[in-house]
Each structure stands twice: as structure tokens, then as C-alpha cells.
There are 2 protein chains.
Amino acid sequence: MRLAANNPDRTSWLHVDKNSDFPIQNIPFGVFLTRDDIITIGTRIGDTAIDLGALHQLGYFDGIPLTDDIFLQDSLNDFIADGRKTWRAVRDRIAEVFDSKNTTLKNNKSHKEIVLFRLDEIEMQLPVEVGDYTDFYSSMEHATNVGTMFRDPENALLPNWLHIPVGYHGRSSSVIPSGIPVHRPQGQTLPEGAIEPVFGPSKLVDFELEMAFITTAANDLGEPIPVDEAEEYIFGLVLLNDWSARDIQKWEYVPLGPFLAKNFATSISPWIVTLDALDPYRVEGPKPVKPQLDYLKYSGKKKSFDINLEVSIQPEGAKENIVSKSNFKYMYWNISQQLAHHTINGCPVNSGDLMGSGTISGPSPESYGSMLELTWKGEKPIKLKDGTERKFINDNDTVIMRGYCEKDGTRIGFGEVSTKLLPVFKKK
Amino acid sequence: MRLAANNPDRTSWLHVDKNSDFPIQNIPFGVFLTRDDIITIGTRIGDTAIDLGALHQLGYFDGIPLTDDIFLQDSLNDFIADGRKTWRAVRDRIAEVFDSKNTTLKNNKSHKEIVLFRLDEIEMQLPVEVGDYTDFYSSMEHATNVGTMFRDPENALLPNWLHIPVGYHGRSSSVIPSGIPVHRPQGQTLPEGAIEPVFGPSKLVDFELEMAFITTAANDLGEPIPVDEAEEYIFGLVLLNDWSARDIQKWEYVPLGPFLAKNFATSISPWIVTLDALDPYRVEGPKPVKPQLDYLKYSGKKKSFDINLEVSIQPEGAKENIVSKSNFKYMYWNISQQLAHHTINGCPVNSGDLMGSGTISGPSPESYGSMLELTWKGEKPIKLKDGTERKFINDNDTVIMRGYCEKDGTRIGFGEVSTKLLPVFKKK
């Protein structure tokens, strides 16, 4: 059954470019600061941002049970906590209000002045207050590449990998929205051949191309979420750049996993594209290589999504260079399996929790999701258009990730997550 | 210089038992639900709980710049964010109001009725909303024991351990206060000699005896906290039981660290004892075995604390059995070094963040901080008073941890963190 807001034939009275990520079939959710310095929850159609707080005050959500201040918040957490029925009702209503056939708001100039913003009039914020951030490691190609480089090419995948959607806890305090720059981290590294570590700036700062899902409040302490119910609790997805300092990581990560190599920054795209909007783009995931335990076996709808992904590097004052083209469908473990695994021991999941996919590498070298893999530990540097080379990310480079689905003439996208790497922090 | 509230000669007009953890020199902070179903921030002297919200409304904090609702909160986060100057002014004032020589509140019966509660009239809550929870691994004895058991007795400590206060991110959603029971987790394990994992209840549920410090907002993204400034940002300490499922841990933890083996529950004691109250109990920490990098070298006051710790197991309907006696002073890396390390890469720290010490094992077998070490992987079961044996924790056992400092006749304690292990969760 098709969701009403996904009707491919609907057009909007707001202008939408042919290649826009944000047709009226998308209706993502985000948080922005307006020209009047007000924080509000909003959505976007084409290049127009829509203030949902104002729209609600003007009565456009009448008949949907919503608290008065549900959109006048600095995060989406409370709205997401209201559950899937509410998300759907709100998304459907927005589609109706901006439908070409509906002239109520279209013909109300004073309402439009309050509700609509050009993109240059707003500043996107972090869409959720992240309670807990978990990062998985669910691309077989990525895990194989890393295992080949650092362990044993003959046994690149560790014994648990084909049984467990391996994951670990990240740091939520350093999750930042697109546009916030990041300083090159300092830390301990062990130089090649040395016995004692040295202190200094990381020399191997890398991106990791990921997507992440954002949850609603799902379960109490002790209670697992069954794999086939998992999507009930997933609000939507964003692009995620899991910034990584490879030299710090190598020295610190045994035995408890990555820590300072990762927690200096994690960037996400500011518009959460709902799972509902992605529904038409479901595809089968990779076939299991080994039988999976019952709690990870799913049925019903396809649980993978065909989302084209790309990564660019833009040196200061120079052109963008696409360095990777991958796809979310390559993930060996899907988001339902990840959430079922995360809660099988009773771990509680709250509204606003962020769950990263892990680096999304595809089968071909052009589809690898990190510089570590693309340049094979720096052995094969990438040539940029300005004549320079990159093994990893240089100071003042901007890393830009984009993602979109496309099918039967409708394109649903995520916009971008763009982050500039600044030199090491200096105290003023 | 001695802090005013630490004056050992002060007595209170509230009754305090000789062996109480909570003399007027302690003045910890917590959050409780009162008999009238109101959540408030409070403190405790002897066995009397004190409603700081009510005390503030009645004017007892006049002259201290505090917002009206600073104590009428369901967490200490905002109060802690006010910073050390405020914590000290409030703690000093509480000491004055309850000083034997001060009769203002003592003689005001109607005020006392509003402000004071017996412990059986209140229900302790989680003291902070934990933004991020980090767990360190800072006891050399514990790391050595684990390395000896699972890797190589000749090289028990990994090469990075003497250079890095090793830590990893935990899950904040499953941090619970003393008194909340926990279900035995289910998950994947690899039976001895098997090639494929099985699913079922963990057979090796364990406690880990830890302490944890709680921070105030400390730094912006990118900015490290120098080791000698770290204590400025540490509000206080609690006891922490880092529940662990050893069989799940063994199968899942390579290469990204413990995940489901730990995130089913982490219990903490409900009263935060301030770093100020612990000031008289400072001691030298262990001498560094190897030189440490500059950012970890500290000066000034001693940075370790002499806190006696013990763990009891109480089977259902039976007596308590003390199974471990340890001390916080055994930590190789102190809390200042942990916080400096955590932020050296610019990772931001917020008010209410929780940072666990890692299992605190001492040099002798009786001082080991986990059943894994106490029974040496189950090879040497512990005999309990009721005639039963324990290799790990059984269903319906309660694990109780206690801690206190004592010097020159003054005892400052933490009370307890007590958690019952329930059988595997069953859906109703």
C-alpha cells in the first residue's frame, strides 16, 4: 500500500527544480534558526524552508492531536516521541497544504510571509538532541578491506562478523550539523618502528561515508525489540561523516575500541528524511553468507534502501572532486537487524538516538567509503583537479557527502553534510 | 586551605549516627521523589533527607545568586552547570543552616515539616541526566589480571596501557540508580570449542566495582582541558557497578570493544559526593612505571583519593557476603588525567557526563573488583554463608557496593549502590 504523501503524481505550488532532493514527495524534518532569531522545527520543499511552528499556530494542522508547542522546540525529540501515527498525519497534511491544487495558503500572502523562508534566511541546527550515538560496522566490503590491510588477507573478516551486526558506542557530545568546522585532533600515536608513543597532530585524518537512522522511544530496560517491529521505531535517516584519525586509532583501539580517534567530531546532514519517504526505494539486501540467528531473521517488506551516495573533497578556494560513489544498499546488515541486535539484551532506546551504519563501501575501488580504503593506506594517492594529491584529508579541505534515491522520475534526497577540517586548535 | 564546609569540628542539630556516611561534613547532592510525589534536588545529613527546593523557597539561600527553580528539577544538570563557585556557596550555606549553633531552622517547626524527610518517605532517582557515559580501564591490577587470563601472562599489559588512560564509550540510556533491578541479558555466545555461536541467556553475569565522576560543562568542540585544570570541572563522585556479561563480551568485543555485554545496565549510587567533601582524603597515586607524555603530567594537590570500597552478594532471603575489599587509591590513572586525556583531541564535555574508573582491583586477591578475577574465570568459586557457591552472579542475587573515607574521626561515605539481578525478561 502506497503512503498518501508519497503520491508521485502530486506537484507543489512551491517551485521545485528538476534535480532537487526535496520535491513534495520528500518532506524531511529539521530544526532551523530564522531571520528573527527564532528556533523552530521545519520542513523543506525545493529551496523553500517552511516554519512548522508558524504553520501550526495558523491552524494548518487542525484536527491532528498535537501539543501547541510541539514544533516550537530546539530539537525534534518530542515530535519524534509522539510516534509514527503522528509523523504520518503531519507529513500527509504538509503534502496537502502545499499541493498545487490547494490554494488556501498559496493565496494567503500574510500567512506565507510568516511561514516561508529562503534558504539564505535560515541557519540549520542539529535536528535532534542525541541521547546516545551508536555506530555499527555493517558493510562487508569495508570490514574486509580493513581486515585485509591490518590483519590477514586470507581471514580478513573476523569470526564474529557474519553473525553479529558489530557495533560500538560513540560520543554524542561531538555530533555536529553540516557546516560546523572541525579542528585537526591532537593525540598519541606510535610512529612506525618506534617503541614509545609521541604526542602531536594526527597525520591521518579521514572521513567515513555513513548513513544513520534516528529512533523514537522504543522499549523499557530489559525488553528487546523484535526485528520485524524495528521499523516502527525508526523515524528517518541522515548522512553521517564519522571523522576518524587513523594514526590515533591504531595506537589506542586495542582492546576496548576506538575512542579519541573518533570522538572529536561526527557530522550529520540537517534534514531527516523519513523512513516513509524512502519506502518506494526499498530493495533486497545482500544474501546472507552464513545462516543468521533467529532474532536477526526478518520477513515482510524489503529492509534495504537504494540510496546513491557520493563524497567530494574541496580544497580551499578550489573545485570539488568526487572521490567516492557508493550506495546504502551494499550494507550487509540492515537497520532493522541493527536495532533488533542493539536491544536483544534489553538495552533501552530513546527518542533522538542516532545509529550510524558504519563506513559504506561497495564492491569496486571507486565505491570505497574512506580515504584509508580509497588510497589503500596512502599507497595510491588520489589526484585532484587542482594538481594536488591526497592520501588523507588536508587542513582547510572541505569534505562533502551527498545522497539521493531516484526511481520512476521521482528523486528523494538528503542534501549534504559538508565539513571543513581546520588546523589544530590554538588557544586564543 | 581547608574548605569551610569541611570543618571537622562542626556538628549538626540533626541526629547523625557515629558510623553514618553522611555527617554534616559530607553534604552530597541527589534527586528524590517526596511523599507528595514532587521531584526535588536534595541533600542528606544522617538519615534525614533535606529538600533543597523547599529550603530555597523559604529563603535559606538568600544572598547566593541562584535561579528560583534551580533545585526544582528532575536532575542536577543545571545546578552542576552553574559551576564550582555556586556548588561551594550552597554547600557552605547548608553546613551553616544545619550547624548545632544555628537555631533558625531548628526552631521553626513549620519550616522543618516542609524541608525534612525520613529516608522511608522518599525515593531516590538518577541524580543526573547522563549526556555521555565514558568508562575507563585505569586499574593496573585489573588490566593485568584480565591480560593474564585471556592473553599472555608474560605480556599481560598491552603496549598502550602505560601511556594511555584507556577508555571507551558506554551507553547512557541504561544508567540506573541503586534499587532498580536488572534482567539477565540474552545474546550471542560462542560455546567452548564451537565454531558457530548460539543464542540464549548469558551464563556469566558479573559485576565490576567502579567509581565514576560527574562533570560540569567544561569546553567547546576543539578545546582540550589541561590536566591541572581538570578538577575545576569535576562536581563529584558516585559508586558504579558496570554490569558485564562475560560470555557475550568474549564473542563480540573484537575489534570494536564491549557493546551488548555492558549496555544492558550500569548502576550508580544516588548521592553525588562532591570533590570538595573528598578533599581531606587526597593521597598520592601509584608511581608511574613509565614516563608519561606532558599532557598527562600533573602538579599541585595530590590527585588520588583514599576511598575504601567493598562488594557484597546477597542471595534471595539470605545474608550478605562481602566478596571484595578494594580502594579507589589503587587507580593508576587519576580522574584529572582521565579528563585531560578525554579532551586532548577537543572532545566536548557537558554537565552531567559520567566517567567511570574501570574495575578497581587492588594488589591482593581479596581486593579484586569482579567475579571474573575473584574466582579466576570461575576456577575458584566463592563459598557463601548459606552454603551455596558463586562463580558469577545468580538470578535473584543482589549485588551491593559501598564506599567511604575515614580520617581523624570523620567519615565521608557514598551509601550504597544495590542492584538485584532478575531472571531473563519475559514478555507479559
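Helices and strands here are DSSP runs, numbered from the N terminus. With that in hand, let's start. The model is a predicted one.

First, the annotated domain. UniProt, in an unreviewed entry, lists residues 134-402 of chain A as "domain: Fumarylacetoacetase-like C-terminal". That span is 13% helix and 27% strand. Its end C-alpha atoms lie 21 Å apart.

Next, the core. The largest nonpolar core has 145 residues. Among those with the most contacts inside it are A:Leu237, A:Ile307 and A:Phe328. A:Leu237 touches both A:Ile307 and A:Phe328, and its other partners include A:Trp271 and A:Phe414.

On to the rings. Over all chains there are 30 aromatic pairs. Take A:Trp13 and A:Phe98: centres 5.3 Å apart, planes at 25°, so they are stacked. This pair ties together parts 85 residues apart in sequence. Both residues are buried.

Which pair joins two chains? A:Tyr295 and B:Phe199, the latter in strand β11 of chain B. Their planes are at 35° and their centres 5.0 Å apart, so this pair is tilted. A:Tyr295 is buried, at 11% relative accessible area. B:Phe199, at 35%, is partly exposed.

Last, a charge over a ring. The charged end of A:Arg411 sits over the ring of A:Tyr404, 3.8 Å from its centre.

Terms used
Residues numbered from 1 in each chain as written. Chains lettered and ligands numbered in written order. Predicted model: local features only at pLDDT ≥ 70, side-chain atom pairs only at ≥ 80, totals over all residues. Heavy atoms only, no water. UniProt positions renumbered as here; feature names shortened; annotations may be inferred. Helix = DSSP H or I, 4+ residues; strand = E, 2+ residues; numbered from the N terminus. Core = buried A, V, L, I, M, F, W, Y, C linked by side-chain atoms within 4.5 Å. Buried < 20%, exposed > 50% of the residue type's maximum accessible area, 1.4 Å probe, protein only. Contact = heavy atoms within 4.5 Å. Phe/Tyr/Trp six-rings, centres within 6.5 Å; stacked < 30°, edge-to-face > 60°. Lys NZ or Arg CZ within 6 Å of the ring centre and 35° of its normal. Lists of a residue's contacts leave out its neighbours within four places in sequence.
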